[in-house]
Amino acid sequence: MPDLPTPHDATEAALFSECWDAVLSYADLCTSGSTAAGQLATEAFSLGMREARAADTGPGRGAGRRAPRLPMIPLLLTAVRTTAAGWETGGQGHQLDPDLRLWLNSEKADRYTGPPLQRPLALRGLRDMQEHDADLLWLAEVEALPLSVVARRLGLDPAQVSEELAQVRGLFRDRSHRNHLDTPMAAQCRSYARLLDAVTRSSGADTPEDLSRHLATCVQCAEAAACLRLHGGGLPAALAGGVIGWGGLAYLERRRRAAEVRLGAGRPEPADAGPPNPGAHKARVVRNSLLVTAVLVSMLALGVSMMPFGKGDMDDGSASPGDSADRQPVAADPGTTLPSASARSSGSPTPSASDTQGSPTRENPDPEPQGTTSSAAHDDDKPAPATTEPAACTYKYALVNQWPDGFQATVTVTTARALDDWRVAWSFKDGQKVNQMWDGNFTQSGSRVTATAADYNKTVAAGADLAFGFLASWQGANSPGYDVTLNGQTCTKA
């Protein structure tokens with residue numbers, strides 16, 4: 001298996017990082033296991049970069065327009081398809097997805113390597129566009145990146161990128177229309193060409209019944225309609241299916257989900273809660289101890305005064321941190337009756353002394369504001385607020401896909417503080433082994449995995465997310481990662 005090519009400069013290194021995730025995602029669709037996915041992605045990446053470099057240094061490059069080729073990500077994705085076809089003919093087809101093998105041996109696959117005028121319309125249209133226009137269209141429509149991210153990646157004005165995208169869509173439609181007219185087609189298809197152009201220009205135009213019947217039976221004209229109709233949200237599917245071929249729609253869905261995870265939305269919850277959280281167990285023990293103490297205090301308070309305990313030094317100790325934060329301190333009147341400790345404690349199954357002794361209330365002889373036990377011991381002059389501090393970070397571990405010997409997952413960490421660099425570590429319960437990672441670098445020692453930032457995503461704003469994905473192997477069980485830390489600090493599960 002060849003090694004990944006060495007970047008020529010920092011710009012190419014950043015490009016490698018941006019494209020590898022897409023290549024690995026499609027390679028995973030094309031193969032039957034994580035090991036094969038990594039091998040296919042590496043070979044395809046090397047092949048695609050050789051093609052891109054050859055096109056960039058070939059004749060005609062200095063004329064201000066690149067030699068006709070696909071933008072970088074779709075170029076590498078087609079290299080995955082080409083490499084998979086080589087595996088099929090070279091005796092490695094058993095490592096490919098069975099449906100892909102059927103497709104590679106059908107006439108559908110021949111269209112992508114046959115005469116240029118017979119190739120899918122989206123493939124030809126994207127190849128004929130200027131480099132930045134084609135990149136803008138693919139990143140926004142298929143990769144589903146926010147326009148602000150696309151603008152930063154391509155060096156465009158964020159305020160103008162939406163307008164530029166609308167113009168690029170129009171250019172793609174124009175290229176597709178011209179290529180459709182240049183395509184050898186049957187007489188019936190030719191007779192519908194002008195009508196097809198007219199009805200796809202307007203979102204309110206009705207499709208005549210005879211044209212509708214024709215589109216239901218003619219693959220060539222149906223593909224043209226998808227490329228010409230810019231309204232209705234069908235352009236991403238037309239691009240993915242026409243350029244990638246097999247698995248295009250599945251790849252499109254994966255990229256949509258990956259974009260949602262990066263934006264902090266649509267992340268699926270892990271299927272298993274994993275090993276017990278030591279911090280949560282300790283908190284439960286402390287809460288239960290406080291409740292027992294509160295019961296004893298309530299029993300004693302029925303017959304004795306609390307004054308000997310000192311000013312503000314004695315609290316009923318029963319309120320959970322969340323209750324103390326929501327409740328304003330109030331000076332209790334000596335004649336006011338208050339609920340017992342366990343009655344005020346939310347969600348606790350432990351009965352209070354008043355529940356068992358038949359006394360629902362007790363007097364509070366202490367006129368001072370009620371705070372938490374720990375804070376009152378350190379501040380005799382004013383009521384103390386709840387001492388619970390927000391966690392420095394929270395995390396979500398999402399299982400994206402799983403197959404008999406491997407799986408794909410993402411980890412998203414939300415940081416409360418701004419970061420100039422990050423290091424996320426977690427442990428596996430069932431001996432899982434990470435073998436590929438994107439949007440980060442990794443090392444693994446036993447069950448402990450450590451992910452570090454890539455060159456392009458080290459900086460994270462306060463309150464923002466950092467996310468990365470990986471492929472790993474598993475046997476027997478596949479519990480989610482636990483004991484997650486960010487730069488050495490424990491994160492809580494979101």
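**Labels and their grounds**

Modeller: One disulfide is present in the structure. Keep in mind that the model is predicted.

Colleague: What makes cysteine 393 and cysteine 491 a disulfide?

Modeller: The S to S distance is 2.0 Å. The cut-off is 2.5 Å between cysteine sulfur atoms. The distance of 2.0 Å is within it, so cysteine 393 and cysteine 491 count as a disulfide. The pair links distant parts of the chain, 98 residues apart. Cysteine 393 is in strand β3 (residues 393-403), and cysteine 491 is in the loop between β11 and β12.

Colleague: Why is the disulfide of cysteine 393 and cysteine 491 called left-handed?

Modeller: The torsion about its S-S bond is about -95°, so the disulfide is left-handed.

Colleague: Are cysteine 393 and cysteine 491 buried or exposed?

Modeller: Both cysteine 393 and cysteine 491 are buried.

Colleague: How do you know whether cysteine 19 is buried or exposed?

Modeller: Its relative accessibility is 3%. Buried means under 20%. Cysteine 19 therefore counts as buried. Cysteine 30 has 1% relative accessibility, so cysteine 30 counts as buried too.

Colleague: On to helix α12. Where does leucine 228 lie, and is it buried or exposed?

Modeller: Leucine 228 lies in helix α12 (residues 219-228). Its relative accessible area is 1%, so leucine 228 is buried.

Colleague: Which residues does leucine 228 touch?

Modeller: Leaving out residues up to four places away in sequence, leucine 228 touches Arg173, Ser176, His177, Leu196 and Thr200. A contact here means heavy atoms within 4.5 Å. As for leucine 121, its C-alpha atom is separated from that of leucine 228 by 10.0 Å. Leucine 121 and leucine 228 are 107 residues apart along the chain.

Colleague: What is the value of phi for alanine 144, and where is this residue?

Modeller: Phi of alanine 144 is near 60°. That is a positive value in a residue other than glycine. Alanine 144 is placed in the loop between α7 (131-141) and α8 (147-154).

Colleague: Why is alanine 144 called buried?

Modeller: The relative accessible area of alanine 144 is 19%. The limit is under 20%, so alanine 144 is buried.

Colleague: And what makes asparagine 487 partly exposed?

Modeller: Asparagine 487 has 32% relative accessibility. Asparagine 487 is found in the loop between β10 and β11.

Colleague: What makes β10 and β8 partners of β5?

Modeller: β5 (residues 423-427) and β10 (residues 482-486) pair in the antiparallel sense over three bridges. Five bridges join β5 to β8 (residues 448-452), also antiparallel. Serine 427 has tyrosine 482 as its bridge partner in β10, and arginine 448 in β8. Valine 424 has leucine 486 in β10.

Colleague: Why is β5 called largely enclosed?

Modeller: Four of the five residues of β5 are buried, so β5 is largely enclosed by the rest of the structure.

Colleague: Last, which residues does UniProt list as "transmembrane region"?

Modeller: The unreviewed UniProt entry lists residues 233-252 and 290-310. In the model, residues 233-252 are 75% helix and 0% strand. Their end C-alpha atoms lie 13 Å apart.

Note on methods: Residues are numbered from 1 along each chain as its sequence is written. This is a predicted model: local features need pLDDT of at least 70, side-chain atom pairs count only at pLDDT 80 or more; totals for chains, interfaces and linings use all residues. Side-chain values use heavy atoms; hydrogens and water are left out. UniProt positions are given in the numbering used here, feature names are shortened, and annotations may be inferred rather than shown by experiment. Helices (H or I, at least four residues) and strands (E, at least two) are DSSP runs, numbered from the N terminus. Two strands pair if DSSP finds at least two bridges between them. Buried means under 20% relative accessible area, exposed over 50%, partly exposed in between (1.4 Å probe, protein chains only).
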